[in-house]
Amino acid sequence: MPRILVVDDEDDLRLLYTDELEDEGYNVAGAGTVAEARELLSRETFDLVVLDIQMKGESGLDLLKEIARDNKDLPVVLSTAFSIYKDDYSSWLADAYVVKSSDLGELKDQVRTLLAKNREGGNS
């Protein structure tokens with residue numbers, strides 16, 4: 001069962017993503033801060049990260065840069081309420097970019113696609 005880390009400082013949204021992804025058959029852990037996510041990433045193995053950008057404290061883009069540097073094979077889906085970040089070069093390190101919506105179909109599709117690609121060894 002693929003393991004996913006959801007990083008978002010909005011508790012309700014993090015719980016919604018967790019519930020929805022668990023309903024899809026994934027094992028999901030949540031982190032409310034970049035520091036908490038770093039801790040989880042340092043001691044657990046994940047197959048994919050769903051990462052908010054604009055959070056209290058550190059930006060999700062800081063964590064994205066670290067993941068790209070230290071674990072480039074770990075797919076990251078950026079999930080943000082602000083489409084303006086698509087123009088930020090740092091966001092281009094992510095494998096997918098999803099604007100938050102009440103319809104989680106796009107997020108689920110991206111997760112499914114990236115996990116399948118990773119299983120096939122297509123993620124470099």
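Visitor: Which residues touch the most other members of the largest nonpolar core?
Guide: Leu-5, Val-7, Val-49, Leu-51, Leu-64 and Leu-78 do, in a core of 21 residues. A nonpolar core here is a set of buried Ala, Val, Leu, Ile, Met, Phe, Trp, Tyr and Cys residues joined through side-chain atoms within 4.5 Å. Buried means under 20% relative accessible area, exposed over 50%, and partly exposed in between, with a 1.4 Å probe and protein chains only.

Visitor: Where do the residues of this core come from?
Guide: Strand 1, strand 2, helix 2 (34-43), strand 3, helix 3 and strand 4 each supply at least two. Helix 3 gives the largest share, 4 residues. Helices (H or I, at least four residues) and strands (E, at least two) are DSSP runs, numbered from the N terminus. Another core, of 17 residues, lies apart from this one and has Leu-13, Leu-48, Ala-96 and Leu-104 among its members.

Visitor: What kind of model is it, and how are residues numbered?
Guide: It is a predicted model, where local features need pLDDT of at least 70 and side-chain atom pairs count only at pLDDT 80 or more, while totals for chains, interfaces and linings use all residues. Residues are numbered from 1 along each chain as its sequence is written, and side-chain values use heavy atoms, with hydrogens and water left out.

Visitor: How many bridges join strand 3 to strand 4?
Guide: There are 3, and strand 4 covers residues 76-80. Val-49 has Val-76 in strand 4 as its bridge partner, and Val-49 was also one of the core residues named above.

Visitor: Now salt bridges. How many does the structure hold?
Guide: It holds 15. A salt bridge is a side-chain nitrogen of Lys or Arg within 4 Å of a carboxyl oxygen of Asp or Glu.

Visitor: Take Asp-8 and Lys-100. What do they tie together?
Guide: Their side chains meet in a salt bridge of 2.8 Å, N to O. Asp-8 is in the loop between strand 1 and helix 1 (11-23) and Lys-100 in the loop between strand 5 and helix 4, so the pair ties together parts 92 residues apart in sequence.

Visitor: Is Asp-8 buried or exposed?
Guide: Asp-8 is buried, with a relative accessible area of 1%. Lys-100 is buried too, at 17%.

Visitor: And Glu-58, where does that lie?
Guide: Glu-58 lies in the loop between strand 3 (48-51) and helix 3 (60-70). It is partly exposed, with a relative accessible area of 31%.

Visitor: What is Glu-58 in contact with, leaving aside neighbours within four places in sequence?
Guide: Val-34 and Arg-38, where contact means heavy atoms within 4.5 Å. Arg-38 forms a salt bridge with Glu-58, the closest N and O atoms being 2.8 Å apart. Arg-38 lies in helix 2, so this pair ties together parts 20 residues apart in sequence.

Methods. Two strands pair if DSSP finds at least two bridges between them.
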